[in-house]
Amino acid sequence: MSAAGNGGAFDVVVIGAGANGLVAAARLGKAGLRVLLLERGESLGGQGAVMEFAPGFRAAPLGLDPGWVPPAVVRGLGLHSLSADTADTPLSVAIAPGSFLTLSRDAGRAAEAIRVHSAADAAKWPAFTNQILRLAGFLGELYQTPAPDVGLTSLGDVPALLGLGIKYRALGGEGMIEFLRTLPLSVWELLDDWFECGPLKAAVATGGIQDYRQGPRSGGTGFVLLHHLVGAPAGSMRGRLPWHGGPRALTDALEQVARRAGVTIRTGAAVARIMVRDDAVTGVVLASGEEIATRVVLSTADPTKTLLEWVDPVWLEPEFMHAVGNIRYRGCTAVVMFALDAIPEFPGLASSDALAGIVSLTPSVVALEKAADAAKYGDLSENPHIEITIPTLRTPALADGGKQVLIARVHYAPYRLREGATWDSTRRDALAGGVTAAIEAVSPGFGARVLHRVAMSPKDIEDRYGLREGAPSQGELGLDQILFMRPVAGWGRHATPLEGLYLGGAGTHPGPGILGGAGWLAATRLIEDRRKGKGRA
């Protein structure tokens with residue numbers, strides 16, 4: 001079966017119906033283009049998709065941090081009715097059984113909790129949170145514009161660069177220096193500069209190693225911390241605000257906008273190949289063998305899959321292919337989902353409301369580093385970094401009959417195991433058992449609350465979500481893989497060497513957690529190329 005016609009039945013085919021794909025499709029549809037959105041799975045939402053992992057129990061295991069939707073996307077797609085839940089979702093760390101440090105988003109309350117451990121650190125806390133979020137705010141400005149063109153090949157880029165320069169100067173002399181110093185810094189060194197309390201440093205450091213196969217001593221983890229705080233509310237050191245209506249709220253809103261814009265959406269439509277002729281896109285081929293003619297494709301899949309698996313290599317230069325082949329993914333995150341009969345007790349935790357936020361079970365940065373060390377050699381640490389949350393405290397509809405869902409994220413669980421070992425059922429069961437025991441150590445009786453549990457290794461995440469090596473980031477957030485170097489140097493502005501092929505997933509600027517950011521910028525680039533006569537849409 002083939003969708004053909006004068007240039008194809010569709011002006012643009014968008015691949016992937018996560019936040020980036022939905023935003024790109026809606027943006028293009030509102031611009032008057034005929035858009036087909038293809039999704040390999042049976043439901044929309046990508047990493048934010050909700051799955052039923054046990055009868056009556058649902059979760060979005062990769063969507064625990066709701067992410068940040070850039071204001072341009074909100075305005076452009078009319079998402080003003082989408083609102084966030086402003087209830088406090090704190091960050092806590094287990095110091096020892098029966099003892100926790102809980103950091104409220106309210107700086108005053110957090111400082112009081114810190115004061116029990118260090119009066120000096122409590123006094124510094126408000127200044128620290130203000131500075132970190134101010135630096136993250138400047139990153140947020142960078143993330144709403146195309147990646148800087150260091151070659152400045154177009155005079156049209158000058159106003160945007162001047163605008164960013166003005167915003168950078170607004171940080172002030174000290175702030176400008178601190179921004180440049182923080183990006184390459186290790187989160188360990190950053191926190192040593194500020195604090196003396198070990199558990200406090202351990203709590204904050206978790207943001208610097210999120211989905212990143214490096215320990216807190218590694219350079220660049222200061223940048224990772226800032227990246228994941230872009231769009232976070234004042235006082236927060238982990239995560240953005242959850243949506244009213246639960247984890248599906250954004251997906252549902254974007255789907256409605258896309259359909260109103262005339263976008264055709266197909267699920268269960270896995271792409272097998274992008275057709276090219278004379279250095280230009282001519283269509284896509286689905287796994288079923290169906291051919292869909294189009295002159296423009298915008299892919300939100302990872303750059304390696306799009307360019308090295310779906311495109312015949314004869315159309316790409318060897319140097320470019322080599323650069324794409326060297327993109328680092330290195331998935332290191334596993335997830336264990338628990339179906340519980342009731343809220344478990346955590347003696348010493350400030351309140352059960354803290355379980356709606358993030359609770360880290362790693363009490364020191366030394367323990368975080370040791371967990372990372374094991375992954376370097378293809379092993380899961382005997383004491384991995386585990387952080388938990390109970391999403392049903394904010395969204396009760398995720399479980400039937402008043403029961404609860406607990407999600408545990410595990411670092412570092414390497415995608416590639418030592419000596420060619422695989423993530424089989426035995427290793428998944430061992431992972432789930434180890435996580436259960438770790439939670440039991442700070443929540444006596446936890447195991448008796450468990451009705452069902454499901455472990456997802458990085459390989460399972462790859463298979464279910466189509467994420468290379470199980471990496472939610474679609475490419476590590478190393479300093480050599482951000483901004484104009486994401487996905488590769490020289491191609492950070494969403495176009496590719498092939499006419500009509502654009503990239504708009506998390507593997508491109510501005511990266512993961514900036515919901516719809518890459519899709520919006522890619523669609524904007526496509527539209528601008530069309531207006532200038534460069535594109536074929």
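**Charged side chains in the predicted model**

Asp278 counts as exposed, because its relative accessibility is 61% and exposed means over 50%. Asp278 sits in the loop between β9 (271-277) and β10 (280-286). On the surface, Asp278 gathers with Asp279, Glu317 and Glu319 in a patch of negative charge.

Opposite charges were examined next. Side chains of opposite charge can pair when their charged atoms come close. The count in this model comes to 31 salt bridges. One of the pairs is formed by the side chains of Asp193 and Arg181, with an N to O distance of 3.0 Å. This pair links distant parts of the chain: Asp193 lies in helix α7 (residues 187-194) and Arg181 in helix α6 (residues 172-182), 12 residues apart. Asp193 counts as partly exposed at 47% relative accessibility. Arg181 is also partly exposed, at 31%.

Glu476 takes part in two pairings. The side chain of Glu476 meets that of Arg328 in a salt bridge of 3.1 Å, N to O. Here the partners are 148 residues apart, with Arg328 in the loop between α12 (318-325) and β13 (334-340) and Glu476 in the loop between α16 and β18. Glu476 is buried, because its relative accessible area is 1% and buried means under 20%. Arg328 counts as partly exposed, at 25% relative accessibility.

A salt bridge of 3.0 Å, N to O, joins the side chains of Glu476 and Arg330. This pair, too, links distant parts of the chain: Arg330 is in the loop between α12 and β13, and the separation from Glu476 is 146 residues. Arg330 is partly exposed, with a relative accessible area of 24%.

Salt bridges that share partners also join Asp302, Lys305, Glu309 and Arg468 into one network. Within this group, Arg468 is placed in the loop between α16 (458-465) and β18 (501-503). Arg468 has a relative accessible area of 18% and is therefore buried. Two polar contacts involve the Arg468 side chain. A contact of 3.2 Å joins the side chains of Arg468 and Asp302. Another, of 2.5 Å, joins the side chains of Arg468 and Glu309.

Conventions. Residues are numbered from 1 along each chain as its sequence is written. This is a predicted model: local features need pLDDT of at least 70, side-chain atom pairs count only at pLDDT 80 or more; totals for chains, interfaces and linings use all residues. Side-chain values use heavy atoms; hydrogens and water are left out. Patches are made of residues with over 30% relative accessible area and no salt bridge: like charges are joined within 9 Å, nonpolar side chains (Val, Leu, Ile, Met, Phe, Trp, Tyr) within 5 Å. Accessible areas come from the Shrake-Rupley method with a 1.4 Å probe; for residues, only the protein chains shown count as cover. A salt bridge is a side-chain nitrogen of Lys or Arg within 4 Å of a carboxyl oxygen of Asp or Glu. Lys and Arg count as positive and Asp and Glu as negative; His and the chain ends are not counted. The place of a charge is taken as NZ of Lys, CZ of Arg, CG of Asp or CD of Glu. Helices (H or I, at least four residues) and strands (E, at least two) are DSSP runs, numbered from the N terminus. Buried means under 20% relative accessible area, exposed over 50%, partly exposed in between (1.4 Å probe, protein chains only). A polar contact is a pair of N or O atoms within 3.5 Å; within protein, one must be able to donate a hydrogen and the other to accept it, and residues adjacent in sequence count only if both atoms are side-chain atoms.
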